[in-house]
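Here is a friendly walk through one model, written for someone who likes to check side chains and backbone angles. Keep the viewer open as you read.

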Amino acid sequence: MIAEYKKAKEKLLTSLDAGCQQFFIKKGYVLENAYCELLSDRLEKAENLFLTLKDNDIRARWAYFMISMIKENIKEYPSYFELRNFLEIDLNIMLHYFKGDYVEKIIRYADFMFTINPEVHKYIGRVFYNNGYIEQGMFFLERAKNYFYHDPELHYLLAYIYYNKNDFQKCEKALNDCLYVLPKYFPAENLLKKIKSTAV
């Protein structure tokens, strides 16, 4: 049973098909079935399924809110933890399934979500960057820096990107910013040593 569930969930995350959805329906996995409906563009069905779970399931509560952003009809607020735990994951899923219109509608609420979790722009930037949308990723990461400067992980992430682009000057600047916010941050110190040894 567990192996069957894992197989069906893997299909949901990689190559949705009717078989995996039928498994979720048959075995009573309402949350997973709701995601199948969402990814199949049946928003009303997905929303109704999430609604049945949202009072007892934090993931369903988040997904219900996410659909309200897609439908541009927000009725409730997400929590800090919902944004931290699920925003990045679900944006990745949307991009994997070429749901760019959904992603576009969700990120329109970035500044609103920022008021609840100040790391939101970083999450969005990381998703775009990791999916090959470099310019969009950098736009949100730079915006994150302007909105929430005191985030050492953000400065390190920017430094890592600059390092991979061989822009060592910007990389060093980002690392110094990181170490200003959090002195002795080991990953930043380590990468700074690499840059200095390369320059010698």
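Does Arg143 count as buried, partly exposed or exposed, and at what relative accessibility? Arg143 counts as partly exposed, because its relative accessibility is 26% and that class lies between the 20% and 50% cut-offs. Please bear in mind that this is a predicted model.

**Salt bridges**

In total, the structure holds 19 salt bridges. Three of them are set out here for quick reference.

| Salt bridge | N to O distance |
|---|---|
| Lys54 and Glu76 | 3.0 Å |
| Lys173 and Asp177 | 2.8 Å |

The salt bridge of Lys54 with Glu76 also links distant parts of the chain, this time from loop to loop. Lys54 lies in the loop between α4 (43-53) and α5 (58-70), while Glu76 lies in the loop between α5 and α6 (80-96), 22 residues away. How do the two ends compare in accessibility? Lys54 counts as buried, at 12% relative accessibility. Glu76, by contrast, is partly exposed, with a relative accessible area of 29%.

The bridge between Lys173 and Asp177 is a local one within a helix: the two residues are 4 apart in α12, so about one helical turn separates them. Asp177 counts as buried, because its relative accessibility is 10%, under the 20% cut-off.

Beyond these pairs, salt bridges also join into a network, which links Glu88, Glu119, Lys122, Arg126, Asp151 and Glu153.

**Helices α11 and α12**

Helix α11 (residues 152-164) and helix α12 (residues 168-181) pack with their axes 8 Å apart and at an angle of about 165°. That angle makes α11 roughly antiparallel to α12, because angles over 145 degrees fall in that class. The crossing of the two helices is left-handed.

**Two backbone angles to check**

Most residues other than glycine have a negative phi. Against that background, which residues have a positive value here? Phe98 is one of them, with a positive phi of about 60° although it is not a glycine. Phe98 is found in the loop between α6 and α7 (100-107), and this residue counts as exposed, at 74% relative accessibility.

Lys184 is another non-glycine residue with a positive phi, near 70°. Its place is in the loop between α12 and α13 (186-199). Lys184 counts as exposed too, because its relative accessibility is 67%, over the 50% cut-off.

Definitions and conventions:
Residues numbered from 1 in each chain as written. Predicted model: local features only at pLDDT ≥ 70, side-chain atom pairs only at ≥ 80, totals over all residues. Heavy atoms only, no water. Axes fitted to C-alpha atoms, helices over the stretch in contact; angles between N-to-C directions. Parallel < 35°, antiparallel > 145°, perpendicular 65-115°, else oblique. Left-handed = near helix turned anticlockwise from the far one by under 90°. Salt bridge = Lys/Arg side-chain N within 4 Å of Asp/Glu carboxyl O. Buried < 20%, exposed > 50% of the residue type's maximum accessible area, 1.4 Å probe, protein only.
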